[in-house]
Amino acid sequence: MPQKPSPGHCRTLYFASAASFTRKSSEEFPAPLSIADLFVRLEQSYPGIRDKVLASSLLTINLQYVDVEEEDGSENASSTMIKAGDE
C-alpha cells in the first residue's frame, strides 16, 4: 500500500485505462484543488485524457464515489474540493 501523500498534497491513483494513458499508477498534486482544476491539470499533462479517459471514468475521494455531473446536468466538479492528504 502506498504511503500517504506528501504534506500539502493529494494523491491521484490511476487504474485501468487511466493507468495505461498516463503510464503511472499514481501522482501527487498540490492541494486543495477542485475536481475541475484536477481535470485541467491532467489535460495539460496528458493531452486527450479528458475525452479518452475521464469522460467515462468514475471518481472517488478517499474511497467515496463522487458525482462529477449532477442529475440536472450541472457540474459538481467546480464545488467539490480535494484536500491535502486525500486519495
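Modeller: Let us begin with strand β2, residues 26–30, which has a covered face made of E27 and F29 and an uncovered face made of S26, E28 and P30. Please keep in mind throughout that this is a predicted model.

Colleague: What makes β1 and β2 a pair of strands, and how do they run?

Modeller: Two strands pair if there are at least two bridges between them, and five bridges join β1 to β2, so the two count as paired, and they run antiparallel. Within this pairing, C10 stands opposite F29 in β2.

Colleague: What makes the link between R11 and E28 a polar contact?

Modeller: The side chains of R11 and E28 are joined at 2.9 Å, and because the limit for such a pair of N or O atoms is within 3.5 Å, the link counts as a polar contact. E28, you will recall, belongs to the uncovered face of β2.

Colleague: Which residues of α2 are buried, and how do you know whether they line one face of the helix?

Modeller: The buried residues of α2 are I35, L38, F39 and L42. Seen down the axis of α2, these buried residues fall within an arc of 100°, so they line one face of the helix.

Colleague: What can you tell me about the largest pocket, and which residues lie nearest its centre?

Modeller: The largest pocket has a volume of about 970 Å³, and of the 35 residues that line it, L13, S57, L58, L59 and T60 lie nearest its centre. At least two lining residues come from each of β1, α1 (16–22), α2 (35–45), α3 (49–52), β4 (59–61) and β5 (64–66), and the largest share, four residues, is supplied by β1. Sorted by class, the lining has 21 nonpolar, five polar and nine charged residues.

Colleague: Where is F15, and why is F15 called buried or exposed?

Modeller: F15 lies in the loop between β1 and α1, and because its relative accessible area of 62% is over the 50% that the word exposed requires, F15 is called exposed. F15 and S57 are 42 residues apart in sequence and 9.7 Å apart in space, C-alpha to C-alpha.

Colleague: What is the value of phi at A16 and at L63?

Modeller: Phi of A16, a residue of helix α1, is near 50°, which is a positive value in a residue other than glycine. Phi of L63, in the loop between β4 and β5, is near 70°, again a positive value in a residue other than glycine. A16 has a relative accessible area of 62%, so, with exposed meaning over 50%, A16 is called exposed, and L63, at 75% relative accessibility, counts as exposed too.

Colleague: How do you know which kind of peptide bond joins A31 and P32?

Modeller: Omega is about 10° there, and the bond that joins A31 and P32 is a cis peptide bond. P32 has its place in the loop between β2 and β3 (33–34).

Colleague: Finally, why is P7 called buried or exposed?

Modeller: P7, found in the segment before β1, is at 77% relative accessibility, and because exposed means over 50%, P7 counts as exposed. P7 and A84 are 77 residues apart in sequence and 6.9 Å apart in space, C-alpha to C-alpha.

Conventions: Residues numbered from 1 in each chain as written. Predicted model: local features only at pLDDT ≥ 70, side-chain atom pairs only at ≥ 80, totals over all residues. Heavy atoms only, no water. Polar contact = N/O pair within 3.5 Å; in protein donor to acceptor, adjacent residues only side chain to side chain. 1 Å grid on protein atoms, 1.4 Å probe; cavity = no way out; pocket = protein on both sides within 12 Å on 5 of 7 lines; lining within 4 Å. Points joined across faces, edges and corners; volume = space filled by probe spheres on them. Nonpolar A, V, L, I, M, F, W, Y, C, P; charged D, E, K, R; others polar. Buried < 20%, exposed > 50% of the residue type's maximum accessible area, 1.4 Å probe, protein only. Arc of directions from axis to C-beta.
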